[in-house]
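Biologist: I would like to learn how to read a model like this one, feature by feature. Please show it first.

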Amino acid sequence: MKLNKSFLLFLYLLVFLTFGINDERVFGTTNDTPPSFEEIFTEVGYKTVDEALKDFEQHFKQELKLPLRVPPISFTHVFGRFSGLDSEINDAFEIKFISDQLPNNHFKIDVRPILHKLTLEKYISKTFKLENGNNATYIENPRIGFNLFIFERDNWQYMFSVDKKVSDKVTPEILVQIANSIDF
């Protein structure tokens, strides 16, 4: 019994000497603050809508009309981006409306030349007539997280995409109103 107490006392002293005396403290400051919401989008090519629109119009040497209305949901940020390459097949203008507080509040406008338009006829859910007489198509595809609203005007194909989780607030009829606001 005495041997066990001596052994435990020895073990305790060994642990104390090993860890107790070594009282080195490590102090650090973190310079690894996460980037801001704005920095994240800037790093992937987004800028102000006006700057991106200017780049797009200069590239195509043609004016682009944008809708005056937006969906009736709140957004904290609006970014623009022109993806222009040497070949015009994938050239597109994009406006992204997002909220850093409500991640489902996400609305995007993509515009590309009709010459290089996307064709998604097999996915069409509904068709609408716009005030200018053009048709617009609405796509509800269960495989993607967004509903799409696509129409053409002035040699451009416009594609609106809205998060499905807010489709009860941003209905196809609301998207028709947004598309019609280009004519004002």
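Biologist: Let me start with one residue. What is the relative accessible area of D154?

Modeller: First, the ground rules. This is a predicted model, where local features need pLDDT of at least 70, side-chain atom pairs count only at pLDDT 80 or more, and totals for chains, interfaces and linings use all residues. Residues are numbered from 1 along each chain as its sequence is written, and side-chain values use heavy atoms, with hydrogens and water left out. Now the term: buried means under 20% relative accessible area, exposed means over 50%, and partly exposed lies in between (1.4 Å probe, protein chains only). D154 has a relative accessible area of 38%, so it is partly exposed.

Biologist: Where does D154 sit?

Modeller: Elements are DSSP runs numbered from the N terminus: helices are H or I with at least four residues, strands are E with at least two. D154 is in the loop between β6 (146-153) and β7 (156-163). N155 lies in that β6 to β7 loop too. N155 is exposed, because its relative accessible area is 55%.

Biologist: What do β6 and β7 form together?

Modeller: A hairpin, with two residues between the strands. Pairing has a cut-off: DSSP must find at least two bridges between two strands. β6 and β7 have eight bridges and pair in the antiparallel sense. One example is F151, whose bridge partner in β7 is Y158.

Biologist: Which other strand is joined to β7, and by how many bridges?

Modeller: β3 is joined to β7 by seven bridges, and the two run antiparallel. There, R112 stands opposite Q157. V111 is also in β3, which spans residues 106-113. V111 is buried because its relative accessible area is 1%. V111 and W156 are 45 residues apart in sequence, yet their C-alpha atoms are 6.4 Å apart in space.

Biologist: How many residues of β7 are buried?

Modeller: Eight of its eight residues. Check each face in turn. W156, Y158, F160 and V162 are buried on one side, and Q157, M159, S161 and D163 are buried on the other. For the whole chain of 184 residues, the buried share is 35%.

Biologist: How many helices and strands does the chain have?

Modeller: Four helices and seven strands. Along the sequence the pattern reads α-α-α-β-β-β-β-β-β-β-α.

Biologist: How many residues lie between β4 and β5 in their hairpin?

Modeller: Five, and G133 in that turn has a positive phi of about 95°. β4 (residues 124-129) and β5 (residues 135-140) pair antiparallel over five bridges. K126 has Y138 in β5 as its bridge partner.

Biologist: Now charges. How many salt bridges are there?

Modeller: The rule asks for a side-chain nitrogen of Lys or Arg within 4 Å of a carboxyl oxygen of Asp or Glu. The count by that rule is six. Among them is K47 with D55, at 2.8 Å from N to O. K47 is partly exposed, because its relative accessible area is 34%. D55 is at 27%, so it counts as partly exposed.

Biologist: Are E94 and K96 buried or exposed?

Modeller: Both are buried. Their side chains meet in a salt bridge at 3.9 Å, N to O. R81 joins E94 and K96 in a network of salt bridges. D110 and K108 form another salt bridge, with the closest N and O atoms 3.4 Å apart. D110 and K108 are both buried.

Biologist: Which residues gather in a patch of negative charge?

Modeller: Patch members have over 30% relative accessible area and no salt bridge; like charges are joined within 9 Å, and nonpolar side chains (Val, Leu, Ile, Met, Phe, Trp, Tyr) within 5 Å. Accessible areas come from the Shrake-Rupley method with a 1.4 Å probe, and for residues only the protein chains shown count as cover. Lys and Arg count as positive, Asp and Glu as negative, while His and the chain ends are not counted. Each charge is placed at NZ of Lys, CZ of Arg, CG of Asp or CD of Glu. Here the surface patch gathers E38, E39, E43 and D100. E43 lies in helix α2 (residues 37-43). E43 is exposed, because its relative accessibility is 64%.
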